[in-house]
Amino acid sequence: MAYDRSNLHANERIVVDEHPHWIMLMWSVIWVVLAIAFGIFLLVQGWEGWFGTGTKWLAIAAIVLSLLYLCQRLIKWWSTNFVITTDRCIYREGIISKRGIEIPLERINTVFFHQHLFERLVRAGDLMIESAGHGGEQRFEDIRNPVAVQNLLYQTMEDNENRKFDRVRMPAEGSSSGSVADELTKLAALRDQGHLSDAEFEAQKAQVLSRQPPAPPAG
């Protein structure tokens with residue numbers, strides 16, 4: 001199930017939209033194989049009486065429960081999305097009971113990944129995102145090719161940073177649109193919203209003031 005595009009902001013586009021790696025289903029498949037083998041072993045014994053009846057029901061229960069577990073994992077896999085957009089990192093899971101996390105790109109500090117030997121062979125692993133504010137570090141399991149996702153996330157963060165500064169850049173020299181006061185107001189709003197740090201605000205403010213034409217000489 002793809003991420004619902006109607007939840008995107010204006011001018012926001014999806015960079016990555018993936019379900020977890022198939023390794024997420026590995027143990028449920030193993031349990032089905034073991035349950036079927038165990039069930040066949042019990043059924044071919046030919047035991048009679050109450051004991052034979054009990055072992056047959058045990059074999060059937062083991063197979064049914066393992067198949068139900070596999071179905072539950074399949075539904076979880078199908079309903080889980082790890083999404084990177086031009087503005088956010090999004091995690092969604094669940095159909096009836098839903099759980100989700102959204103991290104604005106400008107809030108992300110560091111991205112880690114972890115892979116066991118087998119995960120390296122199948123190109124799967126866990127991704128840890130350390131962000132500012134509530135929540136701290138978030139762990140996302142069974143990510144496809146976490147190394148590539150880490151690099152792509154950093155590149156998307158850089159592109160988002162560049163667009164942020166483009167939005168507050170002064171108009172070209174000679175343009176009649178906008179004023180110094182308007183630009184300073186926009187910068188202050190971005191700082192108050194958390195898009196600019198105090199140091200970034202002061203640097204942008206200095207650039208705006210440096211482009212202000214000098215006052216005409218008196219007299």
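## Packing of helices H1 and H2

In this predicted model, helix H1 (residues 26-43) packs against helix H2 (residues 49-78) at an angle of about 165°, and their axes lie 8 Å apart. Axes here are lines fitted to C-alpha atoms, for helices over the stretch in contact, with angles running from 0 to 180 degrees between N-to-C directions. H1 and H2 are therefore roughly antiparallel to each other, a term for angles over 145 degrees. H1 passes H2 in a left-handed crossing, meaning that the near helix is turned anticlockwise from the far one by less than a right angle.

Residues of H1 that make the contact include Trp31, Ile36, Phe38 and Leu42, while those of H2 include Leu58, Ile63, Tyr69 and Arg73. Contact means heavy atoms within 4.5 Å. By class, the contact of H1 with H2 has 15 nonpolar, four polar and two charged residues. In this grouping Ala, Val, Leu, Ile, Met, Phe, Trp, Tyr, Cys and Pro count as nonpolar, Asp, Glu, Lys and Arg as charged, and the others, Gly among them, as polar.

## The open sheet

Three strands, in the order S5-S6-S7, form an open sheet with antiparallel pairing. Strand S5 (108-114) and strand S7 (137-144) are the edge strands, each pairing on one side only. On average, neighbouring strands of this sheet are turned by 20° against each other, direction ignored.

Strand S6 (residues 124-131) and S7 run antiparallel and are joined by six bridges; two strands pair if DSSP finds at least two bridges between them. Glu130 has Glu137 in S7 as its bridge partner.

## Residues with positive phi

Asn11 is not a glycine, yet its phi is positive, at about 65°. Asn11 lies in the segment before strand S1 (14-18). With 80% relative accessibility, Asn11 counts as exposed.

Arg123, also not a glycine, has a positive phi of about 60°. Arg123 is placed in the loop between helix H3 (117-122) and S6.

## The chain as a whole

The protein chain contains six helices and seven strands, where helices (H or I, at least four residues) and strands (E, at least two) are DSSP runs numbered from the N terminus. Along the sequence the pattern is β-α-α-β-β-β-β-α-β-β-α-α-α. Of the 219 residues in the protein chain, 33% are buried; buried means under 20% relative accessible area, exposed over 50%, and partly exposed in between (1.4 Å probe, protein chains only).

## Basis of the values

Residues are numbered from 1 along each chain as its sequence is written, and side-chain values use heavy atoms, with hydrogens and water left out. Local features need pLDDT of at least 70 and side-chain atom pairs count only at pLDDT 80 or more, whereas totals for chains, interfaces and linings use all residues.

Conventions:
Parallel < 35°, antiparallel > 145°, perpendicular 65-115°, else oblique.
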